[in-house]
Amino acid sequence: MPMHERIIPYLERAGLYHLARLNSRWFWLDEAMVNAFIERWRPETHIFHMPFGECTVTLQDVVFQLGLPIDGFHERFRVLPEDVTEDTVRIYARAYIMLLLSTKLFGDKSANRVHIQWLPFMANFDDMGSYSWGSAALAWLYRCMCRVANRNITNLVGPLQLLQSWIFCWFPSLWPSGFNDFSFLLASRYYLFGRILRMSNFQIVLEPYSSLDVLAVVHPEILTAKHSRLWRVKTSLIYFSMIEWHQVDRVVAQLGGV
């Protein structure tokens, strides 16, 4: 579904414009690598237990990787015509947002459907811009990884671009070729290449987002004190009836602590 320039203002009001930029890129999931990390996931703490200690995906990663705010019907759509009314543009924008939710953030095993629970939230674009899309997406990722940690579950769903891009940012020894070129969203850096994970050499880089290469390309609003305070909060992440904990007190080294 193409992103017409007329729906961009609505995506910006909904807080999802940055995420929409990922739709133009093909995402190749490295299943072997992701599965290797899932083997080290502990559902009790939402932490990856690694040979050197503990680490996890945090709200900070959601902001840098997907550009999401953290504070706060089945139809085939073709290219939006140039002469349509603004009402039609809003309908198209809502459909595009539903597409983003069902593919980039809250995908499930159906692979081609979005839950009807989201429809009431599409009513007001300005209200949508006040939602904490990032915390909801992280809660869904945590829940999906907890489910697949069960030996009876075989398929991993959820915002896997976030997970895979987080792995590459924090573990440079696993970088694919071409990953040295920085762009925002950071998750857009890796979208085509696949590689096999070698588990013998774990090297984690703490605070990768403090790199000058990263700071030169990220959106300025991400670097505000308001955001950095939220990254450090131990709090609940709410995605409808699902509530997961953001336990950054276990991984303070990722945020510059000891």
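Visitor: Why does Phe-240 count as partly exposed in this predicted model?

Guide: The relative accessibility of Phe-240 is 31%. Buried requires under 20% and exposed over 50%, with partly exposed in between; therefore Phe-240 counts as partly exposed.

Visitor: Why does Tyr-239 count as buried?

Guide: Tyr-239 has 7% relative accessibility. The cut-off for buried is under 20%, so Tyr-239 counts as buried.

Visitor: How many residues does the protein chain have, and what percentage of them count as buried?

Guide: The protein chain has 258 residues, of which 47% count as buried. Trp-166 and Trp-170 are both buried.

Visitor: What makes the aromatic pair of Trp-166 and Trp-170 tilted?

Guide: The planes of Trp-166 and Trp-170 stand at 40°, and the distance is 6.5 Å centre to centre. Angles under 30 degrees count as stacked and over 60 as edge-to-face, so the rest are tilted. The two residues are 4 apart in helix α8, which means that about one helical turn separates Trp-166 from Trp-170.

Visitor: Why is the pair of Tyr-239 and Phe-240 called edge-to-face?

Guide: The ring centres of Tyr-239 and Phe-240 are 5.4 Å apart, with the planes at 70°. Planes over 60 degrees apart count as edge-to-face, and therefore the pair of Tyr-239 and Phe-240 is edge-to-face.

Visitor: What makes β1 and β3 edge strands?

Guide: The open sheet has 3 strands in the order β1-β2-β3, with antiparallel pairing. Strands β1 (41-42) and β3 (53-55) each pair on one side only.

Visitor: How do you know that β1 and β2 pair?

Guide: Pairing needs at least two bridges, and β1 and β2 have 2 bridges in the antiparallel sense. Phe-48 in β2 is the bridge partner of Trp-41.

Definitions and conventions. Residues are numbered from 1 along each chain as its sequence is written. This is a predicted model: local features need pLDDT of at least 70, side-chain atom pairs count only at pLDDT 80 or more; totals for chains, interfaces and linings use all residues. Side-chain values use heavy atoms; hydrogens and water are left out. Buried means under 20% relative accessible area, exposed over 50%, partly exposed in between (1.4 Å probe, protein chains only). Rings of Phe, Tyr and Trp (its six-membered ring) pair if their centres lie within 6.5 Å; planes under 30 degrees apart count as stacked, over 60 as edge-to-face and the rest as tilted.
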